[in-house]
Amino acid sequence: MKKYSGNHSVNSKKKHGVIRHSGLVICSILFILCSCMYFGMFRVSAKEIDQQRTSDAIEICYTSRLIEPGDSLWSIAEETITDGYGSVSEYVEALKVMNHLDSDTIHAGQYLMIAYEKF
C-alpha cells in the first residue's frame, strides 16, 4: 500500500495557482489588445474627420489694396472682413498687425495688406 505524503496537495495547489495566474495574464493581455484596437480605431476615425475638415476648409489669401481718399481702416475692415474673425474690431487689430501699423491712421495712396477667403 502506497502512502501519499502531503506534497501531493501542495503540488496540486501550486498547479492551480499557476493555472489561475496564467489565466489572469492571458485575460489581461487580451484586455490590453482589445483596448489598443478600440482606441486605435477611434484615433483613425478622428483623423479622418480632421482630414475631411481640412479638405473642406476655406483658404485664406492675402492681397494689397490701394487706400483711396476717404477710406478708413474701419471702413475697409467692414468691407473685407472674413468669417474667421469674430468682430470688425478684431479684424481691425489683425489688419494693424498684418500691416505693422501702430494706430488706426492710414493715408490715401498707401497700400494695405488685407486677407480674403478663397473657396
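What is the accessible surface of the protein chain, and what share of it belongs to carbon and sulfur atoms? The accessible surface comes to about 9800 Å², and 60% of it belongs to carbon and sulfur atoms; such areas come from the Shrake-Rupley method with a 1.4 Å probe, and for residues only the protein chains shown count as cover. The model is predicted, so that local features need pLDDT of at least 70 and side-chain atom pairs count only at pLDDT 80 or more, while totals for chains, interfaces and linings use all residues. Residues are numbered from 1 along each chain as its sequence is written, and side-chain values use heavy atoms, with hydrogens and water left out.

The protein chain has 3 helices and 2 strands, arranged along the sequence as α-β-α-α-β. Helices (H or I, at least four residues) and strands (E, at least two) are DSSP runs, numbered from the N terminus. Of the 119 residues, 16% count as buried, meaning under 20% relative accessible area with a 1.4 Å probe, protein chains only.

The largest nonpolar core has 12 residues, including I67, L73 and I106. Such a core is a set of buried Ala, Val, Leu, Ile, Met, Phe, Trp, Tyr and Cys residues joined through side-chain atoms within 4.5 Å. At least two residues of this core come from each of α2 (73-80), α3 (88-98) and β2 (111-118), and α3 gives the most, with 4 residues.

In α3, the buried residues are Y91, V92, A94, L95 and K96, and they pack against α2 and β2. Leaving aside neighbours within four places in sequence, A77 is in contact (heavy atoms within 4.5 Å) with V88, Y91, V92 and L95. Just after α3, H100 takes a positive phi of about 55°.

Notes: Buried means under 20% relative accessible area, exposed over 50%, partly exposed in between (1.4 Å probe, protein chains only).
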